[in-house]
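Here is a colleague's note for someone opening this structure for the first time. Please keep the view at hand while reading, and follow the points in order.

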Protein chains: 2
Amino acid sequence: MQFHHHGYVSTDPRIRPAAGIGLDRPEDLPDEMDVLIVGTGPAGMIAAAQLSMFPEVHTRIIERRPHRLQVGQADGIQARSVETFQAFGFAEELSCEAYHITEMAFWKPDTEHPEHIARAAQPVDDPQDVSEFPHLIVNQARILDHFGAFMERSPSRMRPDYGIEFLDLTVEDSGEHPVAVRVRHTSGPREGEERVIRAKYVLGADGARSRVRASIGRSLDGDQANHAWGVMDVLARTDFPDIRLKCAIQSHSGGSILLIPREGGHLFRMYVDLGEVTPERKARIRETTVEEIAQKANAILHPYTLQVRNVAWHSVYEVGHRLTDKFDDVDDGASGSHTPRVFIAGDACHTHSAKAGQGMNVSMQDGFNLGWKLGHVLSGRSPEDLLRTYSAERQVIAQNLIDFDREWSTMMAKRPEDFSDPSELEDFYVKTAEFPAGFMTQYEPSMVIGTDEHQGLAEGFPVGKRFKSSRVVRVCDTNPLHLGHQAEADGRWRIYAFADRPAAGQPSALTDWAQWMAESPDSPVVRCTPEGEDVDALVDVKVVYQQRHTEFEVTDAPRIFLPEVGPFRLLQYEKVFAVLDDEDIFEARGISREGAVVVVRPDQYVAQVLPLTDTSGLAEFFAQNTLDARMRERA
Amino acid sequence: MQFHHHGYVSTDPRIRPAAGIGLDRPEDLPDEMDVLIVGTGPAGMIAAAQLSMFPEVHTRIIERRPHRLQVGQADGIQARSVETFQAFGFAEELSCEAYHITEMAFWKPDTEHPEHIARAAQPVDDPQDVSEFPHLIVNQARILDHFGAFMERSPSRMRPDYGIEFLDLTVEDSGEHPVAVRVRHTSGPREGEERVIRAKYVLGADGARSRVRASIGRSLDGDQANHAWGVMDVLARTDFPDIRLKCAIQSHSGGSILLIPREGGHLFRMYVDLGEVTPERKARIRETTVEEIAQKANAILHPYTLQVRNVAWHSVYEVGHRLTDKFDDVDDGASGSHTPRVFIAGDACHTHSAKAGQGMNVSMQDGFNLGWKLGHVLSGRSPEDLLRTYSAERQVIAQNLIDFDREWSTMMAKRPEDFSDPSELEDFYVKTAEFPAGFMTQYEPSMVIGTDEHQGLAEGFPVGKRFKSSRVVRVCDTNPLHLGHQAEADGRWRIYAFADRPAAGQPSALTDWAQWMAESPDSPVVRCTPEGEDVDALVDVKVVYQQRHTEFEVTDAPRIFLPEVGPFRLLQYEKVFAVLDDEDIFEARGISREGAVVVVRPDQYVAQVLPLTDTSGLAEFFAQNTLDARMRERA
Ligand SMILES: Cc1cc2nc3c(=O)[nH]c(=O)nc-3n(C[C@H](O)[C@H](O)[C@H](O)COP(=O)(O)OP(=O)(O)OC[C@H]3O[C@@H](n4cnc5c(N)ncnc54)[C@H](O)[C@@H]3O)c2cc1C
Ligand SMILES: Cc1cc2nc3c(=O)[nH]c(=O)nc-3n(C[C@H](O)[C@H](O)[C@H](O)COP(=O)(O)OP(=O)(O)OC[C@H]3O[C@@H](n4cnc5c(N)ncnc54)[C@H](O)[C@@H]3O)c2cc1C
């Protein structure tokens, strides 16, 4: 965390200096804005949080409900999401309050007494160690709170506009704010009032019944019928020994439970399978009471019993596998015509079962993907075409998710006797762990993802996948730390220069690269950074040397890695790294001893791997997706 | 963190349900209270934070300043303090914002060019791994903020009363509130008004010039003269390569600097030695400007230069090695007469140089020591005699500290040529690391510290020293975690039962012990817990088995380890532990395979080690320091 360089910060250093719209942000929803986000679910809140770091962009986020979410909805936080929270500064705080999944138990009919359930297996949750972050369970409401706190501390001082419902929108052909949106105040002094507000861009993050989606003429397609689960968040007494463990429980009679222990040491959630929502059963299923859910749970848990003492929340959660074909308002054929103005994200685009615990997680990655792109376009850093990559990247991810989820759900719904192998279920769980954990996403080449031509220089940073952190030593203060954790969700591109063999201060390919970076008119830093801004304002350039930190001085590093920042023109010392004694990042991530340049997007995805000598490749990559600062100043 | 068991908690779970005085705590300082704390420095704030967990006790903390501390004073946070913060729930948050010391550099005159300084050594900061917590640097104001946040979230909803100055006090012989205190409002609507308020107990945590100390007729004795340092917290440009490293710098000319990098990546503090404050030099020294400090620093740093760009704070910090003979208002000879009513803590009792970075740390341990004792006496858990142990325990610690600090200061003041061995300074630093880190404290036997008769059963938990945590597995959720980190600063005693060989559910010494604990009228749990309160309300009893967690069921543990809690009578599952695969706590802490009982005080000090079979020893230990619940109910 860097602070004090604009002057002494006496209170919470996470509160950044207000800037731009944050200096006099209108309290009430104004008539015009740059971006309007509809819905304060995970997809909308992360997009808003990301945009709050662009104070030159006026973003508002409206919500029909008059207040924050209080209870219920999703609770599974995949490690990929926790990585994301790290960039938003609340991974630690959230980890402290959340339940941590370390192992998962599978219970099945006992082979000798099939009417009894028995523990069949208990695999560890992340056997492949795909992330340094944990797999957590915590109520969705708390995630939203943390994003809300981030926004409020951001330079934009953003806050959700509660009690405002989206009705519909039309996109006009021209004008600065071409999207006209009809909204209604659902609470507060203007309750009942309908207004038309105007935005440059609209994001519909308004859930499975999205009206934004309807307004742009898209629909969710897929399963004919929904599948239903009785869900309850309860406090209970039980003799079931694994009540504090995530469990998949299948009974002799075919019933099944997904047990999710929750934060705080006492509460847990149970999903009891209620089957397909056929037209005949629909009315009956929707009426399922919490008593009936508890009764079914007791039947499945036999010989154990469960006595519910307090119900925090319960619901019949009904959902099908459905997907929309495009996540914006421009049809594929029409792509030549205009760039998108309206986007949808999260449950508005894709729905799936609660079994793989994906809804909230995938929705956040949607919002994270779009957030920085809107920020870059609206702040003049990038061409509008960048916005086309959102649907292109995320729609295919949603398709993969739905395929995976269908497979997993089918498997969990199977009767024990129908498995070809008794451990089929847990084997599938372990084998595919990386998927639900959120690490299989790999974006295709585009204007923001390069090719894998030079992948061999850094095998451990696959182009298109998220940057998997590794440990290094920060030279200036000798702190061992995770390289990836130094990247905040501040909308900046990151370039990691892994040095060739010579140490800092010696002639090397790295030294030449650094000079080009600092001085060439083609360097993205030189070309994109507006006059008067810090050298690292838009692109954050860091270096990792092959030596140990005691073998050279931080001040020997080229000046692009020691930029002058802030009003006092202080040196920023925290961009120079060395290898640890016991863990060499060059080994851990398969980086060539000739060095490599790894370009990482603001949303943590590896965009390109290049040789240190290929400066023109680097210039070309950024030429596709970033504008000259001069163009920006003219605008 | 445990919550939800009183019903669903939708917002920050660190906010505990209000209780006692927290239900209708008077906004303004009332005329009567149980405890009055004077001064919101580290000593006062930790005592207040601890007492805020006793909502049946009405505690107020007054401060002369009209607002929180904003800048300056101490900044070194020893690992022992971070351990303490862990119990108050803010170690992680603070670690995120603080500077971490991993190594320290020693700079000396270059052997070839003595007018130049050169790096002579760079030892690691905690070579002995005395704690799992880091050594941090962060401004004192932030520590106070975190304690303030803890208090406000506590059941008492406590907040400091700013703008009220202590004038003097008198202790009367009788009455419920025998201490009459004269105060003056220094700000707010009552500014200028003098009042007399009454308390049962007063804690003077009002710093080196303590008026509370003067009121009870005690004084600080020691050095004739003060030693002075020019201190500045600044933002600067420099070519000195170790500007982000803690450094002791000695120049040829005999000048010396202690360089302390600070939180946020840019700010640093420099202490420049100004020498003894003799009567002749006094006036001159006190006038030292920040420009002069910077000039001296430049001279010492030669050939490097330093250009100060912004001054956050500066001061001439003047202090001597001084100590008061007793930390309360009862003279040793008079001990038979009455128990103490007035206490002093922190700088009010002991002052020392800034060199070893001890002031804030030791002061907090004073306040932590007294806080729970006052809480126990005032809530009727313990006899008043308990309060005598405060001065007895802490005065000797202060004496040791002053002796250490004198040695360290003398060494740092020596000219390079006067050292017998060129590495004498850094050798001393490394050899004695455990002392400044805060881990040498070992309390003598008393009513709250037992003897070391059975130390052999748990060599790694020395009686009288702080409980050094070790890792285990929590059986119910298979989470690997630190046993010690499960203990919050909630004022409870902790008993760790380390099992003998048999696993849970089998006959064993542990099983017998657990039954005695749950049922015997002599058991501290049975004897001390008032009717209607949870079994673990006053004494938290946990068990660690020798087996792995997969070798038994959590529900096999005796019921004292699975107590019913809260209004819904839920089982508390988080008290049963097993050993990790890769780190057996029995090995790591030298615990006998016959088992052992380790009693830990509310302030984390090991009070007693006993065999599982010595239940009468356990009963006797608690009989000295805790009252029967029945006596309490009668009161
Ligand atoms: C009742 C419910 C129960 C759920 N239970 C589970 C579960 O048990 N397990 C699980 O994994 N997932 C569950 N989910 C799904 C999970 O919460 C979602 O996958 C996840 O929240 C998707 O995030 P999102 O941001 O896309 O949409 P949401 O979280 O649905 O957020 C959409 C937001 O938009 C607001 N909104 C909707 N329409 C308008 C409008 N016209 N104007 C203004 N605001 C509007 C809504 O009030 C809501 O706050 C549940 C969802 C719901 C709604
Ligand atoms: C100006 C200053 C500079 C310091 N600089 C350093 C440093 O550079 N390095 C270092 O290691 N240590 C420094 N210290 C010492 C370090 O801050 C203390 O060791 C530490 O704060 C001790 O904590 P304490 O709670 O005992 O007392 P303090 O932190 O001194 O707190 C005492 C509090 O009591 C209040 N108070 C005093 N009198 C009254 C009264 N009559 N009525 C009501 N309130 C009153 C004060 O305003 C203050 O808030 C400094 C202390 C001071 C005062």
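This is a predicted model: local features need pLDDT of at least 70, side-chain atom pairs count only at pLDDT 80 or more; totals for chains, interfaces and linings use all residues.

1. The place to begin is chain A, where seven strands form an open sheet in the order 6-5-14-15-16-13-17, with mixed pairing. Its edges are taken by strand 6 (117-121) and strand 17 (306-319) of chain A, and because each of these has a single partner strand, one side of each is left without a neighbour in the sheet. From one strand to the next, the twist averages 25°.

2. Within that sheet, strand 14 (residues 246-250) and strand 15 (residues 256-261) of chain A run antiparallel and are joined by four bridges. To locate the pairing in the view, one may look for A:Ala248, whose bridge partner in strand 15 of chain A is A:Leu258.

3. Which strands does helix 7 of chain A touch as it packs on the sheet? Helix 7 (residues 290-301) is in contact with strand 6, strand 13 (227-238), strand 14, strand 15, strand 16 (268-276) and strand 17 of chain A, and its direction makes about 105° with that of strand 17 of chain A. Helix 10 (residues 424-431) of chain A, for its part, lies across strand 5 (104-109), strand 6 and strand 14 of chain A, and runs at about 165° to strand 5 of chain A.

4. Chain A also holds an open sheet of three strands, in the order 3-7-4 and with antiparallel pairing. Strand 3 (76-77) and strand 4 (99-101) of chain A are at the edges, and since each has a single partner strand, one side of each is left without a neighbour in the sheet. Three bridges connect strand 4 of chain A with strand 7 (residues 135-137) of chain A in the antiparallel sense, and A:His100 has A:Leu136 of strand 7 of chain A as its bridge partner.

5. Turning to the ligands, ligand 1 is surrounded by 30 residues, of which A:Glu63, A:Arg65, A:Gln140, A:Tyr271 and A:Asp347 are the closest. A nitrogen atom of ligand 1 lies 2.5 Å from an N or O atom in the side chain of A:Tyr271. An oxygen atom of ligand 1 is 2.9 Å from a polar backbone atom of A:Ala43, and an oxygen atom of ligand 1 is 3.1 Å from an N or O atom in the side chain of A:Gln73.

6. Around ligand 2 there are 30 residues, and those that come nearest are B:Glu63, B:Arg65, B:Phe166, B:Tyr271 and B:Asp347. A polar side-chain atom of B:Tyr271 is 2.5 Å from a nitrogen atom of ligand 2, while a polar side-chain atom of B:Glu63 lies 2.6 Å from an oxygen atom of the ligand. The side chain of B:Gln140 has an N or O atom 2.8 Å from an oxygen atom of ligand 2.

7. Helix 8 (residues 359-378) of chain B has 20 residues and reaches 29 Å from its first C-alpha to its last, which is close to the 28 Å expected at 1.5 Å a residue. Is helix 8 of chain B mostly covered or mostly exposed? Of its 20 residues, 18 are buried, and the helix is thus mostly covered. B:Gly380, which follows helix 8 of chain B, has a positive phi near 80°.

8. Strand 21 (residues 471-474) and strand 22 (residues 479-482) of chain B pair in the antiparallel sense over four bridges, with B:Arg471 standing opposite B:His482 of strand 22 of chain B. The hairpin made by these strands has four residues between them, and B:Thr478 takes a positive phi near 55° there.

9. B:Arg60 belongs to strand 2 (residues 59-63) of chain B, and B:Arg60 counts as buried because its relative accessibility is 0%. A polar atom of the side chain of B:Arg60 lies 2.9 Å from the backbone oxygen of B:Pro26. Beyond its neighbours within four places in sequence, B:Arg60 is in contact with residues including B:Arg25, B:Glu27, B:Asp28, B:Met33 and B:Asp161.

10. Finally, B:His185 is found in strand 10 (residues 179-185) of chain B and is buried, with a relative accessible area of 8%. B:His185 and B:Pro66 are 119 residues apart in sequence and 9.3 Å apart in space, C-alpha to C-alpha. Leaving aside neighbours within four places in sequence, the contacts of B:His185 include B:Gly163, B:Ile164, B:Arg190 and B:Glu193.

Key. Residues are numbered from 1 along each chain as its sequence is written. Chains are lettered from A and ligands numbered from 1 in the order in which they are written. Side-chain values use heavy atoms; hydrogens and water are left out. Helices (H or I, at least four residues) and strands (E, at least two) are DSSP runs, numbered from the N terminus. The expected span of a helix is 1.5 Å times one less than its number of residues. Buried means under 20% relative accessible area, exposed over 50%, partly exposed in between (1.4 Å probe, protein chains only). Two strands pair if DSSP finds at least two bridges between them. Axes are lines fitted to C-alpha atoms, for helices over the stretch in contact, and angles run from 0 to 180 degrees between N-to-C directions. Contact means heavy atoms within 4.5 Å. A residue is near a molecule or strand if one of its heavy atoms lies within 4 Å of it. A polar contact is a pair of N or O atoms within 3.5 Å; within protein, one must be able to donate a hydrogen and the other to accept it, and residues adjacent in sequence count only if both atoms are side-chain atoms.
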